[in-house]
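Visitor: I am new to this structure and would like a close look at a single part of it. Please take me through that part slowly and then show me some of its surroundings.

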Amino acid sequence: MFDVFLDKILEISNDEKSKTFKEQTKSVSEFVKILTDEQIKSIVKEIGTIPECIKASSSAEKLFSKSSDIILSRAFKMLGLKSKAIDERGDSADVLAESVYHKYSLVADAKCFRMSRTAKNQKDFKVAALSNWRGGENEYAVLVSPYFQYPKEESQIYKTALDENVCLLAWEHISLLLENNIKESENFSLESIWESSKMIARESKVSSSKMCFLPKLNKIVSKKLGASENDFAEKLNQCKLTIVARGSTEIAYCENKIEDIKKLTKEQAIGELIKETKLEEKINVINSFISSLETDEEAEE
């Protein structure tokens, strides 16, 4: 199902000349709305990895990122919360959610990374910004990233999360909750997950505040699943196998692209390089800017 979802994003993003980004986002939302819960579960398993077939810094990558917010919002709904993905606007959270039964609310940010991306730092996760976006009206702030893309040992993001009470959740956690049909009710709340960093901070020493606390978070999530630590570890390992299989797909794509490039003539290779660097587009933009300045001068005269 993820492949179908990806094809839809590529199809919509290719229509950028006739549709604004806001209109493209609406098209994705309408598509996601008609998907079944089982289809959403399938997409959640892979949404954390940006496919290599999507060019970096492209309109397709931007739409894929926004689509992850829409998928996260749908996942929250499946967990029994009211939720919506916020339209494009600066300096705010991407997803809002509210408990129907327990009257708390949260802001959330969905993160996706390429497998080929090497170094990731705290700026990539925006933990502090997410805390600020919570404001005074929302109790919790939740970051959802790929589990195996979080730093494995020590990082400033863990200290910031503990200091600011930002829940560092993973797409794999969301997936396991959905697969086990976990849903809030009058007698069942997910609040302990959203406030997990606050709970972990109480037990953490200042000297170890930068250490990875995901194993402690796993214990909190496993309790909500009603699973033992061993069972949870096995479930997480199954998620890892899905990622490994996806990795093979991404490698195959890159290898095929290498073979395609090898078949190009010198002229074709030069053309592709010029196209890839977008130099001609930059020239057009500069010319347009210069023309606007000349028009301003004529108007002044």
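Where is the place of glutamate 52?

Guide: This is a predicted model, in which local features need pLDDT of at least 70 and side-chain atom pairs count only at pLDDT 80 or more, while totals for chains, interfaces and linings use all residues. Residues are numbered from 1 along each chain as its sequence is written, and side-chain values use heavy atoms, with hydrogens and water left out.

Glutamate 52 lies in the loop between helix 3 (37-44) and helix 4, where helices are DSSP runs of H or I with at least four residues, numbered from the N terminus. Glutamate 52 is buried, with a relative accessible area of 17%; buried means under 20% relative accessible area, found with a 1.4 Å probe on protein chains only. Leaving aside residues up to four places away in sequence, glutamate 52 touches Arg114, Met115, Ser116, Glu250, Tyr253 and Cys254, a contact being heavy atoms within 4.5 Å.

Leucine 168, in turn, touches residues including Val127, Leu143, Tyr150 and Phe213, with residues up to four places away in sequence not counted.

Conventions
Helices (H or I, at least four residues) and strands (E, at least two) are DSSP runs, numbered from the N terminus. Buried means under 20% relative accessible area, exposed over 50%, partly exposed in between (1.4 Å probe, protein chains only).
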